[in-house]
Amino acid sequence: MSGPNEFAVVNHSVPRADGVAKVTGSAVYTSDITVERMAWAKLLRSPFAHAKILSIDASEARRQPGVIDVLTGDDLGSIHPYYGHAVKDHPLLAIGKVRYVGEPVAAVIAENEWSAQEALEKIKVEYEELPAVLDVDSALAPNATLVHGMDYIGGAFRGFDDFPGGKENICQSVHVEWGDVDAAFAAAAHVAEGEFYFPMIYAYAMEPYVAVADYDAKGQLTVHSSAQHPFMVRHDLAEVFDLPLNSVRVIVPFVGGGYGSKSYTKIEPLTAACSWKVSRPVKLQLSVEEAFLTTRSDDARVRIRTAVDSEGKLTAKQALIHLNTGAYAENSPMVCRKAANRIVGPYRFPNVRIDCVAIYTNTVPASSYRGLGAAQITFPVESQMDELAHKIGCDPQEFRLRNLARSGESIHPGLRPIDADVPGDIRLADEVLRSNGALEPKHGRSVCCSASDAGAHPVTLAMVQVHGDGSVSVLSGSTEIGQGSHTVLMQIAAEEMGVPLEKVRLVGSDTAVTLFERSTGASRTTTLMGRAVLEACHEAIAQCKKMAEELLGVPASEFVGERGGIRHGNDRLTWPEIIERYFQMEGCSIIGRSYLRRAGPLKSVPIFWEIGVVGVEIALDEETGKISLDTLVTVGDVGLAINPAMTESQDLGAATMGFGVGLFEELIYDGQQLMNGTMLEYRVPRFSDLARRIELKLVQNRDGVGPYGAKGGGEGSLNPLGACLANALYQATGVRVRRLPLTPERVWKALQEKTPQGPGAGTKSSANTNTPAARTRA
Amino acid sequence: MKIAFELNGKVTGVDIEPRETLAEVLRSRCGLTGVKISCEAQVCGSCTVLVEGLPVSACTYLAYEIRDKRVITIEGLADAKGRLHPLQQAFIDQFAFQCGFCTPGMILAAKSLLDENASASEEEIIAYMSGNLCRCTGYLAILRAIQQASAELRGEPKTSRDGAKP
């Protein structure tokens with residue numbers, strides 16, 4: 001779709017700026033980077049979930065042909081080895097102890113990958129195995145083995161400082177409460193209560209983690225990395241190596257997928273330590289199997305109950321969320337905080353009590369995953385809304401509409417009021433599903449929603465250079481991870497500076513060149529960096545106007561500003577003309593800049609509420625338990641789509657990840673071992689999973705604080721998918737499944753075990769049930 | 001060992017080790033980094049190149065087997081004047097990629113399909129392309145791009161995406 005078209009460049013689906021590079025194979029990713037004198041590192045990983053390292057003997061490995069050196073936890077010298085933006089609990093290599101199967105224990109640095117790989121087996125490590133805690137219940141048990149057994153200081157993140165890892169396995173706990181929950185439940189007309197489980201997920205960014213680090217003789221550390229947040233990585237590296245910020249340069253070229261999994265610091269400190277050790281540039285390229293052992297999502301067990309009064313109004317919610325955070329905190333403290341906030345949903349609740357606990361276990365560290373806690377909690381929330389609606393005999397959509405907060409209403413005391421039209425979004429998705437006509441047998445439909453306090457902490461700085469020849473450079477620290485941010489930011493600059501899009505270039509993430517941007521995540525880039533680029537353009541324009549006052553000898557009030565320049569009488573001067581005349585020099589440029597912080601319109605948090613509204617119709621094969629997607633509808637309530645085609649593509653991509661979790665994705669532990677940590681065994685959505693009908697709707701009410709009223713997207717459509725599928729399954733069969741994914745085996749077993757009782761049970765369709773012939777994907 | 005093969009239309013000689021995969025040789029020795037390595041298990045299709053016109057997973061194809069054969073990588077798809085192949089243009093027109101990591105393999109697999117059957121139906125495209133994973137787009141735009149290129153290769157007029165600027 002195309003927007004109101006009052007704009008020249010934004011709100012148009014212009015082709016992506018990275019298009020030619022990406023279809024010709026010339027786009028450079030970190031995995032493609034090699035530098036002069038570069039050595040390669042390979043990692044030896046722990047075979048135990050929890051063990052003391054008694055000794056490491058790398059002498060034979062060091063003697064292997066091609067091997068330059070071996071780095072172990074004993075060789076870190078003056079390095080401060082513990083990093084972490086929330087908690088500094090993560091050693092760049094295991095020190096004295098391993099905490100999960102797959103934890104890096106030693107790095108071989110060699111002239112080539114094979115020499116490094118072959119030398120790994122020559123390293124002799126003596127372990128003393130310790131009891132391991134592999135799930136949240138054993139981690140929380142009295143006298144449980146401690147994963148850490150030591151205290152840590154907080155990292156660069158604000159607000160996380162107490163980590164009593166020395167006494168317990170609780171990494172972080174968050175309590176959210178308002179109203180009188182106990183009284184509300186006592187007075188409730190109906191209560192739904194249940195326990196839900198959302199699985200461990202591997203994001204599978206197709207480019208595995210990779211970094212090239214060069215710690216040179218002058219004490220300058222340069223790192224190319226696949227990181228989403230180069231400035232957070234720079235901060236961690238500066239602390240690990242005790243370097244000033246101007247001596248650490250992090251450059252991020254194109255990134256082969258992130259979805260949260262490349263948030264914050266991963267292998268950069270280890271790669272840099274290898275370079276420090278051998279005084280040469282070092283590349284550390286993980287395989288996908290190693291990426292499985294690096295980061296996963298927090299799996300979540302949620303006990304939740306929801307109360308309504310006799311009129312079907314929600315009165316109270318209480319939940320206890322246990323997150324299995326794995327061996328290191330990474331970003332799980334923030335996942336914990338966000339899950340606690342987001343479990344309220346976009347509903348009016350007078351009484352709320354939420355406890356969310358992130359728990360260390362001896363498993364792969366969990367961290368950000370697209371949606372940051374929202375997918376984990378939307379599954380129980382929206383499943384329970386459905387259960388409650390059926391309990392009180394109300395249509396689930398009607399029940400939601402009755403209780404949804406309207407635009408401008410507050411759902412969380414102290415937070416920004418809802419800045420979206422959630423009821424309208426739900427109706428839109430519902431209309432699409434209804435247009436499929438009467439429900440066929442063994443089909444089910446559901447529309448679900450979520451509300452995420454998105455945008456993360458608003459500190460975003462940007463620069464725009466306006467050149468005398470009429471071209472424009474945007475300098476942005478937002479990382480292009482595929483979401484299309486480069487294109488969007490260039491569109492905004494072209495719109496504001498009044499130049500054709502072809503005249504705009506973007507200089508991407510390089511901490512030595514681009515200004516600070518806290519992160520690329522939480523759906524923030526269009527809203528925050530977009531706004532920063534727009535303001536930087538305005539600042540450049542203000543400078544041009546001052547120059548014009550001097551050149552024309554008249555105050556600015558006497559000329560008219562218009563797109564691309566000014567008009568004074570019959571004269572028109574473009575911004576580049578003003579710049580060239582002012583300096584009387586060709587090839588000159590000026591800089592406009594913007595420093596966004598938590599102030600003014602960005603004072604109230606969240607920066608925006610990211611709404612997820614998704615509808616599905618499923619078809620169930622009862623004999624096998626296999627669910628297929630008949631119809632998928634996404635609604636992106638994005639304020640204004642700077643590039644509608646890319647916005648829709650984000651929504652479909654997020655929804656596709658959502659039904660991946662809903663239907664097949666789950667990391668499975670058997671004891672200490674991750675059992676399915678390869679792409680042979682971890683099933684992700686593929687072409688043949690495409691829904692018969694796909695509708696991607698955009699709602700553009702210009703109600704955000706981003707440029708032109710834009711808000712972020714790209715995570716929302718993932719969050720409700722699990723509940724949509726479970727609710728649709730209930731409608732089709734009367735069977736409620738409270739654990740994802742809804743694999744054929746799980747569904748089939750549930751069908752065998754339960755006596756159908758719901759609306760879909762035994763329904764006979766009177767309609768003609770011919771399978772619709774044509775696929776319609778609008 | 002030294003082998004010769006035809007790479008993107010030019011006879012090429014390289015010195016390889018017997019254990020090297022085609023993906024390693026193309027990336028490291030021939031500098032063709034458009035060959036992307038991801039799963040290393042023939043699951044994802046990101047390393048797809050065409051050998052004798054057929055798609056293979058270069059990550060698990062031993063390089064010595066390429067002797068005297070014809071290989072096409074994404075770098076060899078545009079014509080001599082640098083004009084994009086209809087599939088490359090269609091991927092741009094239809095927004096058929098985001099991060100772009102799967103794109104070279106995706107385009108080459110699609111080329112193999114359309115070379116064999118320029119009139120492939122939607123079902124045939126979906127079945128043929130199910131060996132190539134994309135984690136970003138949700139596949140719909142890729143389907144559309146392949147359909148656009150298919151129409152163009154059959155000589156039908158090009159249709160642009162709804163809302164796209166002409």
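A: A residue is buried if 20 or more other C-beta atoms, placed from the backbone, lie within 10 Å of its own, exposed if 12 or fewer do, and partly exposed in between. Helices (H or I, at least four residues) and strands (E, at least two) are DSSP runs, numbered from the N terminus. In α16(A), 20 of its 20 residues are buried. This is a predicted model, in which local features need pLDDT of at least 70, side-chain atom pairs count only at pLDDT 80 or more, and totals for chains, interfaces and linings use all residues. Residues are numbered from 1 along each chain as its sequence is written, with chains lettered from A and ligands numbered from 1 in the order in which they are written.

Q: What should helix α16 of chain A span?

A: The expected span is 1.5 Å times one less than the number of residues. For the 20 residues of α16 (residues 644-663) of chain A this gives 28 Å, and the end C-alpha atoms are 28 Å apart, which agrees.

Q: How many residues of chain B are in contact with chain A?

A: Contact requires C-beta atoms, placed from the backbone, within 7 Å. By this criterion, 45 residues of chain B meet 50 residues of chain A. On the chain B side, the largest share, 4 residues, comes from α4(B).

Q: Which elements does chain B contain?

A: Chain B has 5 helices and 5 strands, in the order β-β-α-β-β-β-α-α-α-α from the N terminus. Buried residues account for 52% of its 166 residues.

How values were computed
Contact = placed C-beta atoms within 7 Å.
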